Amino acid sequence: MSAQPLQLFDTYERRVRPFESIQPGRVGLYTCGPTVYNYAHIGNLRTYLFEDCLRRVLQANGYDVQHVMNITDVGHLTSDADSGDDKMELGAKRMGMNAWDLATFYTEAFQKDLSSLNILPPSIWCKATDHIPEQIAFVADLEAKGFTYLTADGVYFDSQKLSDYGHLARLDIEGLRQGARVDPGARRFVTDFALWKFSSPEDQRQMEWDSPWGRGFPGWHIECSAMSAKYLGDLFDIHCGGEDHIPIHHTNEIAQTEASRGTRLANFWLHGYFLQLDQAKMSKSTGEFLRLETLAEHRISPLVYRYFCMTAHYRTQMAFSWESLKASQTALNRLYQAAYDWGTPGAPLPEVIAAFEAQVNDDLNFPRALAVVWELVKSKASDGDKKATLLRLDDWLGLDIGQWAPAELVVPEAVQVLVAARQQARTDRDFSAADALRGEIEALGFSVEDTREGPKIAALSS
RNA sequence: GGCUGGGUGGCAGAGUGGUCAUGCAGCGGUCUGCAACACCGUUUACGCCGGUUCGAUUCCGACCCCAGCCUCCA
């Protein structure tokens with residue numbers, strides 16, 4: 001059925017290879033979710049859009065996708081040196097809320113963003129704070145197997161006990177040692193990391209739990225290993241996240257799971273690359289912090305951003321500019337208008353669908369797939385068949401093409417009178433009067449275009 | 001500094017050892033009273049220097065530049 005079998009780039013092996021699920025017909029997919037201490041910016045959202053494209057492609061290939069996304073609502077420190085403040089506690093102070101309410105607030109904001117981008121919700125949402133016992137059990141297992149050591153401030157993972165630690169990122173351990181500029185703190189080795197942190201005696205935490213080692217909270221990485229094992233098993237099909245997770249977060253998840261379960265956690269590791277703003281990644285601490293709401297202030301809809309992201313391959317860094325975003329807005333509007341004008345759907349064109357599918361099955365080449373869409377738009381096929389085909393392709397694109405309609409326009413009586421007067425002037429071939437009337441119409445905020453069906457009125461933008 | 005990845009036309013962004021990406025913008029044309037829309041056509045490219053090759057943007061090496069990670073980050 002598929003034009004071309006699905007193949008994906010696996011960061012672990014650093015190559016594109018054919019995708020086969022571990023169990024026939026089923027795919028276990030784990031995507032690293034947000035730390036809910038602030039809003040998501042559009043750079044964050046690019047990664048979730050990539051994961052949604054993956055999800056849709058898997059489903060189109062006939063897989064039943066069990067999709068798990070975590071919500072990190074505790075334990076993510078402001079420094080990976082395992083020091084610094086907990087982001088949640090810090091965010092709570094900033095907002096004047098307690099940490100639990102803060103988590104709920106930003107979780108809901110995040111889910112709203114995903115929904116407005118037509119990102120399919122995961123089968124399972126899981127919060128770190130709902131899985132403390134699972135995380136403690138995981139750490140206890142690592143301890144029993146001799147992969148941990150205890151310090152004054154927590155339980156640490158002994159990364160030197162694993163011979164291939166850092167393989168995912170091709171880490172140069174010696175180079176890291178030399179380049180390390182951070183205070184190693186209580187860690188014995190640069191690449192060791194916290195599994196469980198003790199609460200500081202002088203600082204009362206809002207989020208803390210008892211454990212066999214003392215009162216405290218889980219390290220950041222352990223939640224993903226513990227929760228993915230619970231919902232998807234010790235080895236599942238695909239694990240995704242942003243490119244920044246390759247060297248630390250995912251490297252450490254693999255280390256924990258290898259030590260405890262003897263697997264590499266996921267069969268495929270896929271990573272979304274950054275959106276660049278002014279030659280740097282979009283950051284929460286420097287530069288502009290652009291949200292979907294910011295785009296809305298510029299009258300750019302979330303689906304325009306979705307289209308924009310699909311014009312670049314997920315595995316390349318993409319430059320953001322308002323100019324290129326506007327280009328996507330123009331293109332998408334033309335696509336919507338064309339599909340709308342095509343009228344009633346006819347029969348889908350199998351060769352176009354096959355050509356499209358061949359592209360998306362080739363490591364999610366959505367830019368190339370969009371080229372197929374535009375070839376369809378310009379093709380000689382009948383309008384009805386084009387429409388039916390495009391609606392089918394929207395299963396992958398997620399652009400709500402079938403639901404689009406021109407904006408309902410409320411035209412004031414005064415404008416309608418002027419338009420009618422202008423039509424009369426044109427009929428009388430009094431063009432200077434007609435142009436004057438057009439000026440009056442524009443002064444009231446409307447444009448008028450002459451078409452075969454008569455004058456077409458639209459609201460002037462800005 | 002180390003490691004990983006990347007440098008394509010005005011912008012964004014695919015791809016390939018020798019023929020087209022695609023979108024937006026620009027230009028020319030058709031249409032229009034004039035416009036706009038739409039449609040048709042179309043210009044400009046592969047960081048730099050060597051090497052391999054009949055031929056390299058595509059393969060190899062050096063260099064320059066950019067990004068990611070080593071400090072929170074999708």
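Author: The following conversation sets values against definitions. This is a predicted model, in which local features need pLDDT of at least 70 and side-chain atom pairs count only at pLDDT 80 or more, while totals for chains, interfaces and linings use all residues. Residues are numbered from 1 along each chain as its sequence is written, and side-chain values use heavy atoms, with hydrogens and water left out.

Reader: What is the mean pLDDT of chain A?

Author: pLDDT is the predictor's confidence in each residue, from 0 to 100. The mean for chain A is 89, and 93% of its residues reach 70 or more. The model scores ipTM 0.92 and pTM 0.92.

Reader: Why is F366 called buried?

Author: Buried means under 20% relative accessible area, exposed over 50%, and partly exposed in between, with a 1.4 Å probe and protein chains only. F366 has a relative accessible area of 3%, and therefore counts as buried. F366 lies in helix α12, residues 366-378; helices (H or I, at least four residues) and strands (E, at least two) are DSSP runs, numbered from the N terminus.

Reader: Which residues is F366 in contact with, leaving aside its neighbours within four places in sequence?

Author: Contact means heavy atoms within 4.5 Å. On that basis F366 is in contact with C53, V57, M310, V360, W396 and L397, its neighbours within four places in sequence being left aside.

Reader: How many disulfides does the structure hold?

Author: A disulfide is a pair of cysteine sulfur atoms within 2.5 Å, and the structure holds zero. C53 is in no disulfide, as the nearest cysteine sulfur, that of C309, is 8.5 Å away.

Reader: What makes the pair of Y39 and F105 edge-to-face?

Author: Rings of Phe, Tyr and Trp (its six-membered ring) pair if their centres lie within 6.5 Å; planes under 30 degrees apart count as stacked, over 60 as edge-to-face and the rest as tilted. A search of the whole structure finds 20 aromatic pairs. The ring centres of Y39 and F105 are 6.1 Å apart and their planes stand at 65°, so this pair is edge-to-face. Y39 lies in the loop between β3 (26-31) and α1, and F105 in helix α3 (residues 99-116), so the pair ties together parts that are 66 residues apart in sequence. Y39, at 25% relative accessibility, is partly exposed, and F105, at 33%, is partly exposed.

Reader: Why is the pair of W196 and W213 called tilted?

Author: Their ring centres are 6.4 Å apart and their planes at 45°, so the pair of W196 and W213 is tilted. W196 is in strand β8 (residues 193-198) and W213 in the loop between β8 and β9 (216-218), 17 residues apart. Both W196 and W213 are buried.

Reader: Which residues touch the most other members of the largest nonpolar core?

Author: A nonpolar core is a set of buried Ala, Val, Leu, Ile, Met, Phe, Trp, Tyr and Cys residues joined through side-chain atoms within 4.5 Å. I238, Y305 and L397 touch the most other members of the largest one, which has 72 residues. Helix α1 (residues 42-60) supplies the largest share of this core, nine residues. Apart from it lies another core, of 33 residues, including V74, L102, F138 and W196.

Conventions. Chains are lettered from A and ligands numbered from 1 in the order in which they are written.
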